[in-house]
Amino acid sequence: MLEVVSLEKTYGAVKAVQGLTFQVAPGEVLGLVGPNGAGKTSTLRCLAGILPVSSGKVAVVGHDVAHEPVKAKQALAFLPDEPRLFEYLTVWEHLNFVARLYGVEQWEDKARALLAEMELGNKEKALPGELSRGMKQKLSIACGFLHDPRLILLDEPLTGLDPIGIRRMKASLRKRAEQGAALVLSSHLLPLVEELCHRILVISGGRAVALGTLAEIRAQLSGLEGGNASLEEIFVRITSAGSEERPEPPAS
Ligand SMILES: Nc1ncnc2c1ncn2[C@@H]1O[C@H](COP(=O)(O)OP(=O)(O)OP(=O)(O)O)[C@@H](O)[C@H]1O
């Protein structure tokens, strides 16, 4: 569903992402974790075609994001950490607008179901200014899900949600993966990543420092093989300054 080969992103002299290679299969949830400034948002923006890559290749359902941007973007949804909404469109008008952009058939039924799923059923006529931070986040997610994306890219998806909202969102994300979507989720909430993600890509300084299931990453770290060290323990160990305990750099 997603193929990333030797992805590089530079901003002037800053090398934000260096040599990332990985794939995500249908139904798979990949967690993207790393310290502040590691390159997670830059990576997600390149995958979504929002930022041009400096070199390397990103393909979504076989469509190169640089050469077939419309086909690639039709198949994906990018949900940023800060919801970006239109000040003068109501909740319902947002969904109508997105439906027209993506040519979604029978969008009203889908929109109603999504608003119920996001607990926004009574907010159809509200403008963004009348919504709480968490409600804006849920509207942004509902808009992202409306065209049934096959690849869902999420940057800190649970920011601003209350505990019930977090639980519902986890269920929503799991449901999309079970229905065959591929998900890439960046978060500093390591227990969430551990719970939701099938595989984890740890990046530091723009480079991949570990890629695999939690058990696979543990198995590469001396003293942790066969144990049950949490992702947090592993994260601290392999991303701490001066760490020499990194697993072998992942090939893909
Ligand atoms: N527009 C930009 N111009 C110049 N440098 C940038 C720009 N955006 C990001 N960077 C730099 O690229 C590097 C990676 O930033 P990025 O936002 O991708 O990291 P991140 O892993 O998402 O961090 P955080 O966890 O703090 O959100 C950092 O060194 C950052 O300063």
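User: What radius of gyration does the protein chain have, and what would a compact globule with 252 residues have?

Analyst: The radius of gyration is taken over C-alpha atoms, and the globule rule is 2.2 Å times the number of residues to the power 0.38. For 252 residues that rule gives a value near 18 Å, and the protein chain has 18 Å, which agrees. Along the principal axes, the C-alpha atoms fill a box of roughly 55 × 40 × 30 Å. This is a predicted model, in which local features need pLDDT of at least 70 and side-chain atom pairs count only at pLDDT 80 or more, while totals for chains, interfaces and linings use all residues. Residues are numbered from 1 along each chain as its sequence is written.

User: How many helices and strands are there in the protein chain?

Analyst: Helices (H or I, at least four residues) and strands (E, at least two) are DSSP runs, numbered from the N terminus. The protein chain has 9 helices and 10 strands.

User: Which domains divide the chain, and how far apart do their C-alpha centres lie?

Analyst: Domain bounds come from an automatic or database domain assignment. Here domain 1 covers 1-75 + 151-161 + 182-252, and domain 2 covers 81-148. Their C-alpha centres are 28 Å apart. The contact between them takes 6 residues from domain 1 and 5 residues from domain 2; two residues are in contact if their C-beta atoms, placed from the backbone, lie within 7 Å.

User: Is strand β3 largely enclosed or open?

Analyst: A residue is buried if 20 or more other C-beta atoms lie within 10 Å of its own, exposed if 12 or fewer, and partly exposed in between, with C-beta atoms placed from the backbone. In the protein chain, 39% of the 252 residues count as buried. In β3 (residues 29-33), 5 of the 5 residues are buried, so this strand is largely enclosed by the rest of the structure.

User: Which way do the residues of β3 point?

Analyst: In a regular strand the side chains alternate between the two faces of the sheet. V29, G31 and V33 point one way from β3, L30 and L32 point the other way, and all are buried.

User: Which strands are joined to β3 by bridges?

Analyst: Two strands pair if DSSP finds at least two bridges between them. β3 runs parallel to β8 (residues 182-186), with 4 bridges joining them; L32 has S186 as its bridge partner in β8. Another 4 bridges join β3 to β9 (residues 199-204), also in parallel, and V33 has V202 as its partner there.

User: Where is H198 found, and which residues is H198 in contact with?

Analyst: H198 sits in the loop between α7 (190-196) and β9. With 16 C-beta neighbours inside 10 Å, H198 counts as partly exposed. Leaving aside neighbours within four places in sequence, H198 contacts E28, V29 and T213.

User: Which residues are around the ligand?

Analyst: A residue is near a molecule or strand if its C-beta atom, placed from the backbone, lies within 6 Å of it. The residues around the ligand are Y11, V14, A16, G34, N36, G37, A38, G39, K40, T41 and S42. Two or more of these residues come from each of β2 (14-24) and α1 (40-47), and α1 gives the most, with 3 residues.

User: What is phi like at E119?

Analyst: E119 has a positive phi of about 60° although it is not a glycine. E119 lies in the loop between α4 (107-117) and α5 (133-145).
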